[in-house]
Amino acid sequence: MKFYIASPFFNEEELTHVKDIEQVLQESGHQMFSPRQNQLPEFEFASFEWRTNVFRNDINHIKWCDALIAILDDNYGDTGTAFEVGYAYAIGRPVYLYNPSGNIINLMITDALHGYFESLDEIRAYDFELAPAKPYMKKIKDV
């Protein structure tokens with residue numbers, strides 16, 4: 001399968017989580033696109049040209065993937081990851097979520113999910129080919 005990894009990667013904890021998911025997917029023989037590894041260094045970082053090309057590249061790879069796996073940790077406010085989840089859901093891609101903190105999540109994320117995981121072992125054990133529903137069953141985040 002081809003996966004798009006949606007995740008913040010702005011600090012060491014976030015980098016650790018995304019690298020862990022990259023490794024699990026590679027070990028399982030899946031293809032993946034990780035924005036962390038595709039920052040288009042040929043463009044000046046944060047320039048309009050860079051932003052435009054990174055955005056298009058990410059969108060094209062969400063369309064390319066068979067499924068999106070998002071990482072949500074204590075940095076709940078990552079709007080980029082939330083956008084990627086919503087876009088994948090809107091175009092009919094199954095969305096999986098890795099939530100290593102186990103924190104309560106907003107319903108707009110929980111109800112877009114096909115599968116919810118709180119550990120890497122759960123992801124390793126999951127059969128993405130059969131893809132049984134594994135819904136989020138905890139409380140949802142209130143305002």
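Select Ala46 to begin, which lies in the loop between β2 and α2; helices (H or I, at least four residues) and strands (E, at least two) are DSSP runs, numbered from the N terminus. This is a predicted model, in which local features need pLDDT of at least 70, side-chain atom pairs count only at pLDDT 80 or more, and totals for chains, interfaces and linings use all residues. Residues are numbered from 1 along each chain as its sequence is written, and side-chain values use heavy atoms, with hydrogens and water left out.

Phi of Ala46 is positive, near 70°, although the residue is not a glycine. Ala46 is partly exposed, with a relative accessible area of 42%; buried means under 20% relative accessible area, exposed over 50%, and partly exposed in between (1.4 Å probe, protein chains only).

Now move to Leu40, whose place is also in the loop between β2 and α2. Leu40 has a positive phi of about 50° and is likewise not a glycine. Is Leu40 buried or exposed? At 15% relative accessibility, Leu40 counts as buried.

**Helix α2**

Select residues 48-64, helix α2. The helix has 17 residues and reaches 24 Å from its first C-alpha to its last, close to the 24 Å expected at 1.5 Å a residue (the expected span is 1.5 Å times one less than the number of residues). Helix α2 lies across β1 (2-6), β2 and β3 (67-71), and runs at about 155° to β2; axes are lines fitted to C-alpha atoms, for helices over the stretch in contact, and angles run from 0 to 180 degrees between N-to-C directions.

Display the side chains of Trp50, Thr52, Val54, Asn57, Asp58, Ile59 and Ile62, the buried residues of α2. Their cover includes β1, β2, β3 and α3 (79-90), where contact means heavy atoms within 4.5 Å.

**The sheet**

In what order do the five strands form the open sheet? The order is β2-β1-β3-β4-β5, with parallel pairing; two strands pair if DSSP finds at least two bridges between them. β2 (31-33) and β5 (115-117) stand at the edges with a single partner strand each, so one side of each is left without a neighbour in the sheet. Neighbouring strands are turned by 25° against each other on average, direction ignored.

Select β3. Five of its five residues are buried, so β3 is largely enclosed by the rest of the structure. Ala67, Ile69 and Ile71 lie on one side of β3, with Leu68 and Ala70 on the other, and both faces are covered.

- β1 and β3 run parallel and are joined by four bridges; Tyr4 has Leu68 in β3 as its bridge partner.
- β3 and β4 pair in the parallel sense over four bridges; Ala70 stands opposite Leu97 in β4.
- β4 (residues 95-98) and β5 pair in the parallel sense over three bridges; Leu97 has Tyr116 in β5 as its bridge partner.

**The whole chain**

Finally, zoom out. The chain comprises five helices and five strands, and along the sequence they follow the pattern β-α-β-α-β-α-β-α-β-α. Buried residues make up 43% of the 143 residues. The C-alpha atoms fill a box of roughly 45 × 40 × 30 Å, taken along the principal axes.
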